[in-house]
Amino acid sequence: MEINWSNVVFIESERRLILSELELHEIPDPIINLYHNRVNQLDISFNKLTSISGISLFTSMEELILDNNQLGDITFTRNSNLKLLSLNNNMIRNLDYLLENIEKSFPRLDYLSLLGNPCCPFPIYTGSIDEKKYQKYREKVLHCLPKLQFLDSTPVSLSERMKLLEKLPPIYPAECDRSVEKFTQISGLVRKTFSSIHQGRFGKNRPTTYNPLPPTVRVGQHRGAYVKCKFKYVGAHSEGNRFILNKDL
């Protein structure tokens, strides 16, 4: 097919290739040959893609945007660098197949968006949202892809991760390592989420270590230095009474 090269945008400094609104049904070979080893971010949104043939050659790609195409139940190949995958407003119906394929293909993926597909009960433009149905959908996706940090329109919450831990079956020594691996992934992300919340409370000025002693105002003295006490205890029921002299009574 003929390519309108004036609409092909490549930002060298960001290693980003934009192929939006080119009426593409598939990625042309000349574009693959020219850019496949130079791209970290690939945007092929607002086309007429029915195939993702050739995408596997973009081996250094970290972000892939395929929004607003005509993609059905597609099959990805492995890319250990990909972190972001956006498939909004396509024609994907088989959620189980997609999640299984993504789990095998993109081990480092932390952002996934499926809004506007038949497999996602969250309409983009029209219709009301069935909250219970959408929550079950999120639980299913996160169970298959526990490393995700962001799903559809919202980040993955701490409560969602805690639910994943509660629903995991007991791990027995005779079981395969996969159950242990999934438990480790989810529990690790729960700890990471707690850490993020803690850091967010303090912002960029969060203290690196906790110290209960106040800043010192005494020149030349450590803030924990001892000095002579100016007060004494005068009660009758304290272990400290042993150190009060008769003349002080």
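How do the residues of the lining of the largest cavity divide into nonpolar, polar and charged? They divide into two nonpolar, one polar and four charged. The model is predicted. This briefing covers the cavity, then the salt bridges, one of which joins two residues of the cavity lining.

**The cavity**

- The count comes to one cavity of 30 Å³ or more.
- The volume of the largest cavity is about 40 Å³.
- Gln 135, Arg 138, Glu 139 and Leu 142 belong to its lining, along with Glu 160, Lys 163 and Leu 164.
- Two helices, α3 (131-144) and α4 (158-167), each supply at least two residues of this lining.
- Helix α3 gives the largest share, with four residues.

**A salt bridge at the cavity**

- The whole structure holds five salt bridges.
- One of them joins the side chains of Arg 138 and Glu 160, at 2.7 Å from N to O.
- Arg 138 sits in helix α3 and Glu 160 in helix α4, so this pair ties together parts that are 22 residues apart in sequence.
- Arg 138 is buried, because its relative accessible area of 3% falls under the 20% cut-off.
- Glu 160 is also buried, with a relative accessible area of 9%.

- Lys 140 forms a salt bridge with Asp 96, and their closest N and O atoms are 2.6 Å apart.
- This pair links distant parts of the chain: Lys 140 is in helix α3, while Asp 96 is in helix α2 (residues 95-105).
- The two residues are 44 residues apart.
- Lys 140 is partly exposed, at a relative accessible area of 35%.
- Asp 96 is partly exposed too, at 45% relative accessible area.

- Glu 100 is partly exposed, with a relative accessible area of 43%.
- Lys 104 counts as exposed, because its relative accessible area of 55% is over the 50% cut-off.

**Points to find in the structure**

- Look for Arg 138 and Glu 160, both buried, where helices α3 and α4 are tied together.

Notes: Residues are numbered from 1 along each chain as its sequence is written. This is a predicted model: local features need pLDDT of at least 70, side-chain atom pairs count only at pLDDT 80 or more; totals for chains, interfaces and linings use all residues. Side-chain values use heavy atoms; hydrogens and water are left out. On a 1 Å grid over the protein atoms alone, a cavity is a set of points where a 1.4 Å probe fits but cannot get out, and a pocket is an open set with protein on both sides within 12 Å along at least five of seven lines; lining residues have an atom within 4 Å of a point. Grid points are joined across faces, edges and corners, and a volume is the space filled by probe spheres set on the points. Ala, Val, Leu, Ile, Met, Phe, Trp, Tyr, Cys and Pro count as nonpolar, Asp, Glu, Lys and Arg as charged, and the others, Gly among them, as polar. A salt bridge is a side-chain nitrogen of Lys or Arg within 4 Å of a carboxyl oxygen of Asp or Glu. Buried means under 20% relative accessible area, exposed over 50%, partly exposed in between (1.4 Å probe, protein chains only).
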